[in-house]
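User: Please take a close look at one part of this chain for me. Begin with the overall setting, then zoom in on a single residue.

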Amino acid sequence: MARDHGGNIDQAVARFGAGDWIDLSTGINRRPWPVGQLPDHVWRSLPTQAAQNRLIRVASDWLGCDPGRLLPVAGASAAIQLIPRLLAPGRACVIAPSYNEHAASLRAAGWQVDERADLHDMEGADLAVVVNPNNPDGREWPPHRLRALARTVGHLIIDESFADPRPDLSLATDPADNMLILRSFGKFWGLAGLRLGFTIAHPDMLTRLSEAAGPWPVNGPALDIATTAMADRDWADDTIVYHAEAGLHLDRLALAAGWTPAGGTHLFRLYATPGAHNAQTQLARAHIWTRRFPYSTSWLRLGIPGTRSEWDHLTAALRTPAPRTP
């Protein structure tokens with residue numbers, strides 16, 4: 001069954017026509033790390049354990065975690081699908097609204113899923129899931145509150161896919177034994193097509209996850225690119241500064257258009273609009289694709305434009321009158 005997601009640019013093209021689209025419907029960095037030329041061997045050979053170990057060393061340094069508690073996976077999405085099947089099904093509590101794959105994958109694995117708005121309402125669950133910072137509203141929970149929650153539940157999944165610019169929110173440096181922390185590579189580094197992420201957990205859990213994922217879970221080009229990219233601290237620092245400033249600029253454009261900032265992170269912003277359908281259509285007619293949500297008639301989420309031409313195009317589109325509600 002299809003689930004609601006951003007990045008569905010094919011649907012935008014089908015509705016509004018082909019052309020040069022700016023896809024702001026995801027939180028993927030539109031100023032990606034520059035890949036450049038790859039050595040031939042990463043295409044011709046199966047990924048090696050040595051290559052994975054090199055990535056683990058670099059990634060654990062970036063994340064500040066114990067290398068023995070870090071496992072590369074085929075995107076955070078792979079862990080989201082596999083982890084519910086590694087634990088005996090019971091009652092799971094998921095912060096809502098949030099990234100919808102967590103609840104969907106838990107239900108598919110036989111879990112009873114309760115959606116909750118606050119951490120206190122999750123106490124006593126066999127499994128709790130928190131996205132920090134949250135997608136789509138950017139809510140944040142300080143580490144001490146998540147540690148307190150972990151003491152009251154069987155397992156705690158913390159999805160930190162948007163936490164690379166916010167190490168102050170991360171529990172990667174010292175996770176409790178019942179925590180499973182998920183990180184994404186593709187979002188911050190802007191290379192979602194590599195399908196790479198990380199799980200930080202107790203070594204016993206990582207062994208089970210590794211066995212479930214099977215051999216060669218991460219392809220050779222992803223291992224090679226990510227090892228170099230995650231060691232490039234100058235690029236990372238520049239990227240964090242750009243997005244911090246760009247998010248404020250996007251808020252100013254939205255306010256001028258009559259929208260109200262409703263949250264977000266370094267990589268995306270959320271707005272309350274007079275009507276999300278009309279606002280999305282207004283921008284789609286200019287071939288700018290955005291994200292609205294089935295549970296809100298006003299929320300619209302935009303990623304951060306990456307170039308001057310994208311900013312100019314968005315600015316012009318926001319000044320165009322929105323279509324009338326049919």
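Analyst: Charges come first. The chain carries 31 positive and 33 negative side chains. The centres of these two sets lie 5 Å apart. The model is a predicted one.

Next, the surface. The accessible surface of the chain comes to about 14400 Å². Carbon and sulfur atoms hold 52% of that area. Of the 326 residues, 53% count as buried.

Now the fold. The chain has 11 helices and 13 strands. Its radius of gyration is 20 Å, close to the 20 Å from the globule rule for 326 residues, so the chain is as compact as a globular protein of that length. The C-alpha trace spans about 55 × 50 × 35 Å along its principal axes. Take the contacts between residues at least 6 apart in sequence: 68% of them join residues at least 24 apart.

Where does Ile9 sit? Ile9 belongs to helix α1, which covers residues 9-16. Is Ile9 buried, partly exposed or exposed? The relative accessible area of Ile9 is 22%. Buried would require under 20%, and exposed over 50%. Ile9 is therefore partly exposed.

Which residues does Ile9 touch, leaving out those up to four places away in sequence? They are Trp21, Asp23 and Trp289. Leu24 gives one more distance for Ile9. The two residues are 15 apart along the chain, and their C-alpha atoms are separated by 9.8 Å.

Technical notes:
Residues are numbered from 1 along each chain as its sequence is written. This is a predicted model: local features need pLDDT of at least 70, side-chain atom pairs count only at pLDDT 80 or more; totals for chains, interfaces and linings use all residues. Side-chain values use heavy atoms; hydrogens and water are left out. Helices (H or I, at least four residues) and strands (E, at least two) are DSSP runs, numbered from the N terminus. The radius of gyration is taken over C-alpha atoms; the globule rule is 2.2 Å times the number of residues to the power 0.38. Buried means under 20% relative accessible area, exposed over 50%, partly exposed in between (1.4 Å probe, protein chains only). Contact means heavy atoms within 4.5 Å. Accessible areas come from the Shrake-Rupley method with a 1.4 Å probe; for residues, only the protein chains shown count as cover. Lys and Arg count as positive and Asp and Glu as negative; His and the chain ends are not counted. The place of a charge is taken as NZ of Lys, CZ of Arg, CG of Asp or CD of Glu.
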